Amino acid sequence: MKPVVIYSSKTGNTEKVAMAVQSALPEGTPLVAASDFEGEADYDLIFVGYWVDRGTADGASRAAMAKISGKMVATFSTLGEYPDSQHAKDSVANGISCLGEGCTVLGTFICHGAVSPEVQEWMKQFPEGHPNAATPERLERWEIASTHPDSADLENAAAFAREVIEKAQGLVAS
């Protein structure tokens, strides 16, 4: 089994999760920035990590994901929204839709991540009542998100990677 971890990170959140995923994989598993990913090569299992941008994978990750076809894949992502929210669920589904044809998705992982200061400032410019306005609820969520990914998130990401490896090995063995 030859895995690879591909990721894009704006604030460092997704990179932390990518390193946690990589730590649970066989020694020597490459960690590749999405912008440097040239294609699937001879990898059997591809972990793709992205930060959620407007309800889907960020641009660099979308471009990398489009290069992946017919492979076993697992996705992981970070976002400033609660991971059990409908927005998070939709963002995972939208991210998966960025993959090339014929991929087998073995699992997904999403966790809270700090919202970039640029996005916060952008949203604070919207007037009250606008869908993107910095409401008190949104400000509270940003405060909570600023402490993530935390050690529990990273442990969960590593456990996710181990589960995916087991699934992939089971598929290859059968």
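1. Let's start with Phe-160, which is buried at a relative accessible area of 7%. Please keep in mind that this is a predicted model. Phe-47 is buried too, with a relative accessible area of 0%.

2. These two residues belong together: Phe-47 and Phe-160 make an edge-to-face aromatic pair, with 6.2 Å from centre to centre and 85° between the planes. Phe-47 sits in strand β3 (residues 45-53) and Phe-160 in helix α6 (residues 151-173), so their pairing ties together parts 113 residues apart in sequence. Ring pairs also bring in Phe-109, giving a cluster of Phe-47, Phe-109 and Phe-160.

3. The structure has three aromatic pairs. One of them is Trp-122 with Phe-126, again edge-to-face, at 4.9 Å centre to centre and 90° between the planes. Here both partners are partly exposed: Trp-122 has a relative accessible area of 39%, and Phe-126 has 22%.

4. On to helix packing. The axes of α4 (residues 117-124) and α5 (residues 136-145) come within 12 Å and cross at roughly 175°, which means that α4 runs roughly antiparallel to α5. Gln-120, Met-123 and Lys-124 make the contact from α4, while Arg-138, Leu-139 and Trp-142 make it from α5. By type, these contact residues are three nonpolar, one polar and two charged.

5. One more residue of α5 deserves a look: Arg-141 lies in that helix. Is Arg-141 buried or exposed? It is buried, with a relative accessible area of 13%. Leaving aside residues up to four places away in sequence, Arg-141 touches Gly-80, Glu-81, Tyr-82 and His-112.

Definitions and conventions. Residues are numbered from 1 along each chain as its sequence is written. This is a predicted model: local features need pLDDT of at least 70, side-chain atom pairs count only at pLDDT 80 or more; totals for chains, interfaces and linings use all residues. Side-chain values use heavy atoms; hydrogens and water are left out. Axes are lines fitted to C-alpha atoms, for helices over the stretch in contact, and angles run from 0 to 180 degrees between N-to-C directions. Helices (H or I, at least four residues) and strands (E, at least two) are DSSP runs, numbered from the N terminus. Angles under 35 degrees count as roughly parallel, over 145 as roughly antiparallel, 65 to 115 as roughly perpendicular and the rest as oblique. Contact means heavy atoms within 4.5 Å. Ala, Val, Leu, Ile, Met, Phe, Trp, Tyr, Cys and Pro count as nonpolar, Asp, Glu, Lys and Arg as charged, and the others, Gly among them, as polar. Buried means under 20% relative accessible area, exposed over 50%, partly exposed in between (1.4 Å probe, protein chains only). Rings of Phe, Tyr and Trp (its six-membered ring) pair if their centres lie within 6.5 Å; planes under 30 degrees apart count as stacked, over 60 as edge-to-face and the rest as tilted.
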